[in-house]
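Please examine the structure before reading on.

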Amino acid sequence: MNETNTTTAPPGALPTGRDNLVGTTDQQIGSSAVKPGYDPRLANEDLAPLPRQTWSSYNIFAFWMSDVHSVGGYVTAGSLFALGLTSWQVLVALLVGITIVYFFCNLVARPSQQGAVPYPVVCRASFGVLGANVPAIIRGLIAVAWYGIQTYLASAALDVVLLKLFHGLTPYADVHQYGFLGLPLLGWCSFTALWILQAAVFWTGMETIRRFIDFCGPAVYVVMFALTGYLIYKAGWGAMSLNLGGEHHGGSTISIMLGAIALVVSYFSGPMLNFGDFARYGKDFGAVRRGNLLGLPVNFLVFSLLVVLTSSLTIPVFGELITDPVQTVARIDSTFAIVLGALTFTTATIGINIVANFISPAFDFSNVSPQRISWRAGGMIAAVCSVLITPWNLYNNPDVIRYTLETLGAFIGPLFGVLIADFYLIRRQTLVVDDLFTMSERGTYWYHKGVNPPAVIATVVGAVIAMLTVVIPGSAISWINTAAQYSWFIGMGLGLGVYFLLARRSPITARSLPTPVPSPRAPQSPPQTATR
């Protein structure tokens, strides 16, 4: 498994060799990050290959803990009860969904870990060195939406603390008395405070962010276990049941569970798509894979059990099903517990927001114009735009949550499909790293004026058809609402299939396929161009 998968670039491309052509997980990265031959229109210190990759399995594990252990993750998981599922059915849906995410994350991680480059740079291999701006902008805009949503959810947790400590603020939490654009004055103050705090943490750099997320995930576990223990104490051990759930609204249980699984995948589709932004730091692919195993199936199993138990126990304790952990904490008769719990959830949500929705658009927007937009500038662009979309209106009830996830999934799915089809099916896991940073017309990823037409066409076809399932009303087509739940899968399948068919028949894509170099252990023979 340590055999290096190397290729030679087409004539005229930048020189390549074992120091800069990455084909396996143990390949050494060149000692220089930004090489003299890199075009400044494609490279800066944030986008160039890392000189060292140092993240261990725990760092990847902590990343996923921060990603999972957020108010958004809890609310999304709890919203599955609104579909009419019982507790055990919600648990099964969560576990099946996260197992699918685990499998796909490993696929996305490999090219970025091999090349030590972020997601938008890897996309240059499939979309072209200029065409990669298409997926970069789409993913960046989606991250903007998520950044705003997660900041709003964190600010809602902070509001709980403020209202508990200062009762005089209650009128300012009423959107009808002091509201603007759907958010009360207190909400605006909390949102602004957390917006500034997140920007400050982001601005300090990646190492500070790594230490921050290493703390956030475990901290939430402490509070979640304490909250579960409190509810069991109040309700009694006999109150625990995996048969409690929301009101069934019709349809077979299997079809509803499949829809719930699809929603779980859609929720993680954003960080799953750009997971390469973090996998690039992994010291080897084995460390990334182990971190994914611990952080996704294993970690999510524990998290899911806590979500299901705490949600179902709110019925005997408080007389109603509560799926928001902040609201559950707010019902406890202890100021200290409320403050500690809400602040912990706020901190955890800040952690996931920074790693999943600040870093991603930072790389994505920097990729559009590396000379003008640095990593920090890209992140701040995302932060400013996140306010303009009024995110509190995108995640304020289960129906809106599902619509938001279906819409995001429709756009993310095709990008994922194109990336996977190109790297695994067309290029057989080869990556000419230096040619990701050249504007030479003879470069491997120049295609046609810097754009690979099959990738763009596949993305458009997948996104349009997937979005039709979301926007067409159920009154027009009876089965359309069911199809909308699978918008990510529809977009991904179409993106992968259309790209694979077009790329295999495209002379433009065929010219970009590099020529294999004979293995030193094999008899020498003239290089042969890889054919499909």
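Is Tyr424 buried or exposed? Tyr424 is buried, because its relative accessible area is 15% and the limit for a buried residue is under 20%. The model discussed here is predicted.

## Aromatic pairs

The whole structure contains 21 aromatic pairs. In one of them, Tyr38 and Phe437 are stacked, with 4.5 Å from centre to centre and 15° between the planes. Tyr38 belongs to the loop between β1 and α1, and Phe437 to the loop between α15 and α16, so this pair ties together parts that are 399 residues apart in sequence. Both partners are buried: the relative accessible area is 7% for Tyr38 and 0% for Phe437.

The rings of Phe423 and Tyr424 are arranged edge-to-face, because their planes stand at 90°, with the centres 4.9 Å apart. Phe423 is buried as well, at a relative accessible area of 4%. Elsewhere, ring pairs join Trp55, Phe63, Trp64, Phe275, Phe278 and Tyr281 into a cluster.

## Nonpolar cores

The largest nonpolar core has 144 residues, and the members that touch the most others are Leu80, Ile209, Phe268, Phe275 and Phe416. Leaving aside residues up to four places away in sequence, Phe416 touches Phe104, Val108, Met272, Leu273, Trp488 and Met492. Another core, of 5 residues, lies apart from the largest one and includes Ala410, Met467, Val470 and Ala484.

## A nonpolar surface patch

Tyr403, Val460, Val464, Ile465, Leu468 and Val471 make a nonpolar surface patch of about 510 Å². Helix α16, residues 453-471, supplies the largest share, 5 residues. Val460 is found in this helix and is partly exposed, with a relative accessible area of 46%.

Note on methods. Residues numbered from 1 in each chain as written. Predicted model: local features only at pLDDT ≥ 70, side-chain atom pairs only at ≥ 80, totals over all residues. Heavy atoms only, no water. Core = buried A, V, L, I, M, F, W, Y, C linked by side-chain atoms within 4.5 Å. Buried < 20%, exposed > 50% of the residue type's maximum accessible area, 1.4 Å probe, protein only. Contact = heavy atoms within 4.5 Å. Patch = residues over 30% accessible without salt bridge, like charges linked within 9 Å, V, L, I, M, F, W, Y side chains within 5 Å. Areas by Shrake-Rupley, 256 points an atom, 1.4 Å probe, with all protein chains shown as cover. Salt bridge = Lys/Arg side-chain N within 4 Å of Asp/Glu carboxyl O. Helix = DSSP H or I, 4+ residues; strand = E, 2+ residues; numbered from the N terminus. Phe/Tyr/Trp six-rings, centres within 6.5 Å; stacked < 30°, edge-to-face > 60°.
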